[in-house]
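Hello,

Here is the structure for you to look through. My notes follow below it.

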Amino acid sequence: MAAPAPAPVTRQVSGSTGPAPVPSGSERGQPLAAAVAALPVLDASGRPLPFGELFRERRAVVVFVRHFLCYICKEYVEDLAKIPKSFLQEANVTLIVIGQSSYHHIEPFCKLTGYSHEIYVDPEREIYKRLGMKRGEEIASSGQSPHIKSNILSGSIWSLWRAVTGPPFDFQGDPVQQGGTLILGPGDNIHFIHRDRNRLDHKPINSVLQLVGVQHVDFTSRPSVIHV
């Protein structure tokens with residue numbers, strides 16, 4: 001019998017909304033605008049809570065993904081799922097993924113990827129917009145990602161299959177929205193921000209973990225081959 005899928009971690013806090021732009025230029029060391037922190041995210045049950053509550057009391061690595069049908073996002077989050085919770089606890093760091101789909105897609109995405117850390121959605125993409133996340137693909141060389149295992153053909157076929165077997169016209173987010181990675185907290189402190197220029201421009205996970213004092217994770221390990 002298959003083991004039950006890991007449940008996403010969420011918090012229960014009420015929230016409010018309010019638009020505000022993030023300052024241009026280098027944001028490192030600048031505070032997150034209060035109106036951005038007040039914007040809501042939804043947990044797997046559809047309960048809203050203010051974005052800023054996620055990192056009020058400790059540092060957080062916050063990863064914004066493109067959309068849940070993206071095979072690149074899927075494989076990246078599969079590697080995020082491999083980060084031991086004990087590593088994060090030792091450094092007093094929270095790991096958070098934020099998508100832009102309906103909250104109904106959170107639990108299936110966690111089941112698909114094995115991800116059991118915190119995860120929320122911003123279905124109106126208001127936080128994406130206020131943080132200046134890009135829409136569209138910028139032509140730029142992003143190098144070889146250590147986290148993407150599929151080639152573009154097999155990955156695209158897999159994404160298409162998930163799309164056609166899901167609800168009609170449900171792309172689980174804006175297909176041209178890009179994501180990014182931030183290190184935030186405690187409070188409104190912005191320590192690091194990277195906006196993806198294209199679907200392959202995500203930050204290598206260990207380079208981000210190093211910035212918050214989390215142990216190196218071996219993502220290259222594969223199941224051992226049993227000879228009979």
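Which residues have the most contacts inside the largest nonpolar core? They are Val 61, Leu 80, Ile 83, Tyr 115, Ile 119 and Val 214, in a core of 37 residues. A nonpolar core is a set of buried Ala, Val, Leu, Ile, Met, Phe, Trp, Tyr and Cys residues joined through side-chain atoms within 4.5 Å. Buried means under 20% relative accessible area, with a 1.4 Å probe and protein chains only.

First, the ground rules. This is a predicted model: local features need pLDDT of at least 70, side-chain atom pairs need 80 or more, and totals for chains, interfaces and linings use all residues. Residues are numbered from 1 along each chain, and side-chain values use heavy atoms, without hydrogens or water.

**Confidence**
The chain averages a pLDDT (the predictor's confidence in each residue, from 0 to 100) of 80. Residues 1-7 fall below 50. Residues 223-228 stay under 50 too, with zero contacts beyond four places in sequence. Contact means heavy atoms within 4.5 Å.

Beyond its neighbours within four places in sequence, Leu 80 touches Val 63, Leu 95, Val 97, Tyr 115, His 117 and Ile 205. Another core lies apart, with 23 residues, including Val 36 and Leu 182.

**His 194**
His 194 is buried, because its relative accessible area is 15%. Leaving aside neighbours within four places in sequence, His 194 is in contact with Gly 180, Thr 181, Asp 201 and Lys 203.

Best wishes

Technical notes
Buried means under 20% relative accessible area, exposed over 50%, partly exposed in between (1.4 Å probe, protein chains only).
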